[in-house]
Amino acid sequence: MSRPPILGRFGHGYVAPAAVLVAVLLYAPFVWTAYLSLTRYDGLESPVWVGLANFVKLFDDDALLTSTRNTLIWVAGTMALPVGLGLLVAVLSYDLKGGAWYRVPFMLPYALSGAGLAMVWSPVLSHDGIANLLLGVDTAFLQEAPANTLAMLAVWTWQQLGVNTLLFVVGLQSIPREPIEAARLDGASGWRLFRHVTWPLMRPLTAVVVGLALVSSLKTFDIVWVLTQGGPGRNSETLAVTMYKETFVASDYGYGSAVAVLLTVVTGLASYLYLRRQVTAT
Amino acid sequence: MYRSRVATLGVAALVLAACGGNGAEVSQKKTELTLYNDKGAWTKYFDEMGALSKQRIGLGMKPTGYTDSAQYQAFIKASFRTNVKPDLFTWQTGGMLEEIVKQKQVADTTAVWQEAIKAGDLSQDLVPYYTVGGRQYCVPMNVAYWGMFYNKKIFDEHGLKPPQTWDDLVATAETLKRAGVKAFYHTSVLFSFVWFEQLMAGTDPDLYDRLSTGKAKYTDPGVVQVMERWKQLIDAGYFINPGDKTDPGDVLKTGKAAMVTFGTWFNTSMTTRSMKAGADYDFFVIPNVNPALPKTSMIFESGPLCSLTKAADPEAGMKYLKWWTTSEAQDKWATSRGDVSANPKVTIDDKALGTVTKDAGGGKYRLVNRYFEATPPPVLSAALDGFGKFVTEPGTYMEVLESIQKAADEYWSTHQ
């Protein structure tokens with residue numbers, strides 16, 4: 001099939017502004033970061049080529065092991081709590097009379113930004129904070145690992161639960177009524193109805209919710225940075241926090257870029273493998 | 001096909017031109033300068049200085065304050081590679097100043113220094129902190145001497161006086177502990193280095209200096225002993241919880257801790273909390289741990305105010321720096337913040353700080369460069385994290401020292 005002549009003649013010109021913006025704002029920084037990961041660079045002097053030295057260092061860095069462990073906790077925790085609980089709240093409240101009102105309180109914290117969320121919770125979780133006062137205990141919520149990561153995950157859940165619930169409710173609403181009615185006529189109800197009919201029908205939306213949660217948990221930064229700055233002693237760092245600290249705090253732009261490349265590869269690979277599985281399954 | 005390629009190239013050229021500016025340094029006459037700084041909390045005081053300079057030298061100044069120092073430094077470093085240059089900016093002395101001077105864009109202020117020293121507006125003692133390769137760069141934005149701020153009411157209540165020796169200080173902490181009062185403030189975030197530098201400087205300042213230049217190791221016995229002493233103080237229960245996020249100004253005001261060690265700039269925190277020097281709080285010089293040292297070690301810091309040769313109006317920048325050092329400007333700058341000044345002619349109302357400044361200028365103390373400026377950024381970053389871990393888990397001190405040394409080995413292998 002031949003293209004309409006007008007597009008053939010001017011097509012590239014029309015696309016050019018967007019293509020240039022994408023190239024300058026997305027591809028160029030990515031290529032530059034990948035290049036920097038192969039150099040020693042302090043942000044001022046010209047980068048010095050060091051080959052794969054920064055990537056070799058990744059495997060000999062205890063802090064990176066800790067941040068990888070914490071990032072995995074964030075991924076697993078995000079799947080279990082904001083996503084898992086979101087699904088539970090959506091399913092339990094969906095058929096209830098006035099269910100929307102049960103869901104509204106979960107939605108409100110979503111209005112906060114990540115940094116704002118952390119600012120709000122900082123006086124709650126700190127030593128001598130509101131949580132300790134209310135519970136009458138003396139717990140160092142943000143000091144010991146991995147308890148500090150779990151505490152921040154709880155805060156994250158408080159914010160994210162509502163939006164996941166909302167998305168799952170939309171998924172439930174989009175399911176055609178016929179298969180559900182047919183299953184009910186056949187005697188299915190409760191868990192069996194959900195497990196064998198509702199859940200498979202929600203799969204496309206679940207793929208999106210889980211995919212988004214996967215990516216956002218892998219790049220967790222703001223809440224950790226504001227609440228603990230990755231400490232004490234780097235024990236609550238995530239890969240994104242390590243990337244920032246190595247680059248901008250330690251001025252080791254080369255090593256920070258290597259962490260960025262690692263994070264990009266992990267995020268890209270995890271998203272690809274997950275989405276490929278979902279697409280194949282559907 | 002040819003036309004479409006031309007169109008593509010045309011659009012790309014326009015976008016790049018828009019991004020890159022005109023590529024030439026066009027000098028323009030400015031009547032107001034922008035002062036970039038990482039002291040967002042001081043905006044009010046910078047504004048007052050801007051109003052005064054407008055009135056006195058016809059050159060206004062507007063501050064742009066960052067609160068995240070890493071973000072701020074990245075911005076300033078990036079400006080060296082672009083045409084977007086700050087008119088004036090604050091920075092740090094030590095390795096950080098050397099690093100940017102090497103880029104050959106920081107304005108040489110040797111003439112300003114010579115004139116100011118001749119006029120008695122700057123002290124010769126400060127010259128080494130601002131000298132790179134025999135020339136001076138930037139001028140002192142502020143100076144600060146570090147010591148102990150204490151809650152006077154708590155001291156009076158328990159019949160305590162400022163300690164004269166290290167043993168006195170520990171005895172004071174013990175008395176407070178028995179009375180159920182935490183003696184000292186410390187934190188696991190950012191200022192986690194404070195007690196390390198104080199104990200190091202008061203025990204072996206030469207070792208501290210060698211550590212800063214990579215000539216000693218963090219695992220050397222002298223450093224290990226300092227960490228053990230610090231651990232003893234923590235184990236004795238003299239410190240508040242390092243995870244406490246209460247502002248140190250409030251910690252001292254509310255008596256959560258009776259003593260807080262910081263630079264004289266901490267006086268600004270007292271001023272903003274309406275605390276009166278000599279009545280609500282006071283200041284003493286921390287005695288040496290090692291009484292055999294010939295002089296009391298005092299942590300000293302000075303933050304530079306700089307301009308760039310490739311800024312939009314370099315002459316205006318230099319004019320401002322020159323004015324900044326004068327007693328007229330410094331009187332306002334010091335008085336409004338309740339802090340000491342780099343200008344020896346400026347006196348402040350606070351008696352204790354006034355005495356310290358005078359004594360320090362008279363050579364009574366051994367001035368020791370603050371750890372933050374004395375330590376190269378990658379080592380500092382590892383150390384801040386390490387000390388943050390140590391104050392939370394004091395038993396890990398050897399592990400912490402080894403991790404800092406690892407960063408130091410890596411840095412000094414390429415920077416000797």
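This is a predicted model: local features need pLDDT of at least 70, side-chain atom pairs count only at pLDDT 80 or more; totals for chains, interfaces and linings use all residues.
1. Contact between the chains. Chain A contributes 29 residues to the contact and chain B contributes 30 residues. On the side of chain A that touches chain B, two elements give two or more residues: helix 1 (5-36) and helix 12 (239-249). Helix 1 of chain A gives the most, with nine residues.

2. Composition of that side. The residues of chain A that touch chain B comprise twelve nonpolar, twelve polar and five charged residues.

3. Cis peptide bonds. Most peptide bonds are trans. In chain A, the bond from A:A145 to A:P146 is cis, with omega near 0°. A:P146 sits in the loop between helix 6 (130-135) and helix 7 (147-173) of chain A. A cis bond also joins A:G231 to A:P232, where omega is about 0°. A:P232 belongs to the loop between helix 11 (222-227) and helix 12 of chain A.

4. Positive phi at A:R234. Most residues other than glycine have a negative phi. A:R234, which is not a glycine, has a positive phi near 70°. Its place is the loop between helix 11 and helix 12 of chain A, the loop in which A:P232 is also found. Is A:R234 buried or exposed? A:R234 is buried, because 27 other C-beta atoms lie within 10 Å and the cut-off for buried is 20 or more.

5. Positive phi at A:S251. A:S251 is not a glycine either, and its phi is positive, about 55°. The residue lies in the loop between helix 12 and helix 13 (253-281) of chain A. A:S251 has 23 C-beta neighbours inside 10 Å and therefore counts as buried.

6. Helix pair in chain B. Two packed helices are described by the angle between their axes and the distance between the axes. For helix 17 (residues 377-392) and helix 18 (residues 397-415) of chain B, the axes come within 9 Å and cross at roughly 175°. Helix 17 of chain B is therefore roughly antiparallel to helix 18 of chain B, since an angle over 145 degrees counts as such.

7. Residues of the helix pair. Helix 17 of chain B makes this contact through residues including B:P378, B:V379, B:G386 and B:F390, and helix 18 of chain B through residues including B:Y397, B:V400, B:I404 and B:Y411. By class, the contact of helix 17 with helix 18 of chain B has twelve nonpolar residues, two polar and one charged.

How values were computed:
Residues are numbered from 1 along each chain as its sequence is written. Chains are lettered from A and ligands numbered from 1 in the order in which they are written. Two residues are in contact if their C-beta atoms, placed from the backbone, lie within 7 Å. Helices (H or I, at least four residues) and strands (E, at least two) are DSSP runs, numbered from the N terminus. Ala, Val, Leu, Ile, Met, Phe, Trp, Tyr, Cys and Pro count as nonpolar, Asp, Glu, Lys and Arg as charged, and the others, Gly among them, as polar. A residue is buried if 20 or more other C-beta atoms lie within 10 Å of its own, exposed if 12 or fewer, and partly exposed in between; C-beta atoms are placed from the backbone. Axes are lines fitted to C-alpha atoms, for helices over the stretch in contact, and angles run from 0 to 180 degrees between N-to-C directions. Angles under 35 degrees count as roughly parallel, over 145 as roughly antiparallel, 65 to 115 as roughly perpendicular and the rest as oblique.
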